[in-house]
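I am opening a notebook page on a structure that is new to me. I will write down what I look up, entry by entry.

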Amino acid sequence: MSISVPEQASASEPTQTQAQARHTEPTAAGMAMANELAEQTRDQVDRVEAPPRRARPWQRYLEANLGLREYWYPAALSDALPEGGTHAVTMLGEEILLVRKNGKLYAVEDRCAHRGTRFSERPLVLSEDTITCWYHTWTFDMENGDLRCILNEPESALVGRTGVRAYPIVEAKGLLFVYIGDEEPPPLEADVPGSFLAADTVMHYAQPDIIRANWRLALENSFDPGHHFIHNWSPYVIESGFPMTFGYVAKKGEEAGETTYVVDAPGPKGFSRCTATAELIFSAVIPGKDGRPDTTYTAPAAVGKSREELISSFLAMPPIEVGIWLPSCNETVNFPSDMITFDWLVPIDENHTRSFMFGAKPCATEEEAEAWRGETGHTEWYVPTVEKFLIDDNKARESMQTFYEKENGWDRERLYRPDLEITMFRKFFSEHARDIQTPDKLIKPRSRRNPTRGRS
Ligand code: FES
Ligand SMILES: [Fe+2]
């Protein structure tokens, strides 16, 4: 059944003010890249025939079930790891134990090199910088992972000759970042948006959430131009009268113009797209068949309002901008008002994703900052965004999982024009990801970063 669109309303050209208000300024190189990606993937959307079973132009993306490798990822909130404490986390398929001891942070593989016991089941931090396995006393240096000693076999020739993986770990803005990879890590700023790390940005934290979906389904949802239809039922939209549309779909032929890619700046690579020139569709006609009448369907928030009213209230808002930054950070600017939402979608395994959500706001005074961390941030960001909006995104993300996990969805999906922004990202990812995480890397010997040889 097709949906035809009556009296389709288009937003007017963005005003000078809207263009200036952009968070990420488009550059000539960024726009050229967007055009190129659109051209390279345009034949993947609106195919009348099912696509042939052949390699897609984003083959590397398809192989990245477990995420990207050689990147900094959020592992846990700082609050989850108090002084003297430990915290176990699974990310990108790797089980890792985080430790904070005497003010220092450590991250080690949560597997004993002797016979694979998990340290986290009875963590024994018996000196300032070692973890001892509770099974047979093997004791490891938490900084480099080396076997430091064995308490019940002090003369062992294995000491210093084997070990567990140790991961670089840093703390910023109330978040613990772990580097997953084998090479020397770049500075954190290479993988984390500058707007997140900015000195005057204050965070309101949500507790991390687990989404039962692969990380790519979760990430794609966060910038999918056609997905806003689901938010017509989001409690925030219903309660506030927000002029929600059927999607923020670019005008035909202007899909690349909505988007600017960033590859040559010091921060993370990715893209930013703006809603300023989106089509604004608030109602559509479902044609009747066999002579029966057509049905006009109007978005719930639009019922009883004129199109002019809806368009002018949409255009009165600062343009919403969505950025996607490698490895998997979604940054949304100006929703629901002048603040930034970060949603880091970190693969746990192939079928689960941990979502770290923050509401960020620049604060000029400590008083403002205190309010944002507390009640103001809760009321203005957490409730409308996390409680009353993102719940619908998570429902949609989880709803697709079976198709992609068990029914060959990556081959069987049939994409339409608004998906062009998704195909562009997949192609971009395939070309620019430093490395991808694969199951064989979970069990390979320790990295060259460690001074001693690996376990196997
Ligand atoms: S399994 Fe850890 S010491 Fe034996
Ligand atoms: Fe959404």
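**Entry 1, the model.** I note first that this is a predicted model.

I looked up the UniProt record, an unreviewed entry, which places the feature "domain: Rieske" at residues 72-178. I then checked the span itself: it is 0% helix and 42% strand. The C-alpha atoms at the ends of residues 72-178 are 6 Å apart.

I traced an open sheet of three strands, in the order 3-11-10, with antiparallel pairing. Strand 3 (71-77) and strand 10 (169-172) each have a single partner strand, so they stand at the edges and one side of each has no neighbour in the sheet. On average, neighbouring strands here are turned by 35° against each other, direction ignored. I counted the links between strand 10 and strand 11 (residues 175-180): four bridges join them. One pair I wrote down is valine 170 with its bridge partner in strand 11, phenylalanine 177.

How many of the 11 residues of strand 22 are buried? Nine are, so I call this strand, residues 352-362, mostly covered, with buried meaning under 20% relative accessible area. I next listed pairings of strand 22.

- Strand 21 (residues 340-349) runs antiparallel to strand 22 and is joined to it by nine bridges. The two form a hairpin with two residues between them. Proline 347 is opposite threonine 353.
- Strand 12 (residues 201-205) pairs with strand 22 over five bridges, in the antiparallel sense. Here threonine 201 faces proline 362 of strand 22.
- Strand 13 (residues 209-211) also pairs antiparallel with strand 22, over three bridges. Isoleucine 211 is opposite threonine 353.

I note that threonine 353 has proline 347 opposite it and also isoleucine 211.

I looked on the surface and found a nonpolar patch made of Phe229, Trp233, Ile238, Ile286 and Tyr297. Together they have about 440 Å² of accessible area. I followed up phenylalanine 229, which is in the loop between helix 5 (215-223) and helix 6 (235-240). Its relative accessible area is 33%, so phenylalanine 229 counts as partly exposed.

Is serine 328 buried or exposed? It is buried, because its relative accessibility is 0%. Serine 328 lies in the loop between strand 19 (321-325) and strand 20 (329-333). I also checked valine 192, which is 136 residues from serine 328 along the chain; their C-alpha atoms are separated by 9.8 Å.

Conventions: Residues numbered from 1 in each chain as written. Chains lettered and ligands numbered in written order. Predicted model: local features only at pLDDT ≥ 70, side-chain atom pairs only at ≥ 80, totals over all residues. Heavy atoms only, no water. Patch = residues over 30% accessible without salt bridge, like charges linked within 9 Å, V, L, I, M, F, W, Y side chains within 5 Å. Areas by Shrake-Rupley, 256 points an atom, 1.4 Å probe, with all protein chains shown as cover. Salt bridge = Lys/Arg side-chain N within 4 Å of Asp/Glu carboxyl O. Buried < 20%, exposed > 50% of the residue type's maximum accessible area, 1.4 Å probe, protein only. UniProt positions renumbered as here; feature names shortened; annotations may be inferred. Pairing = 2+ DSSP bridges. Axes fitted to C-alpha atoms, helices over the stretch in contact; angles between N-to-C directions.
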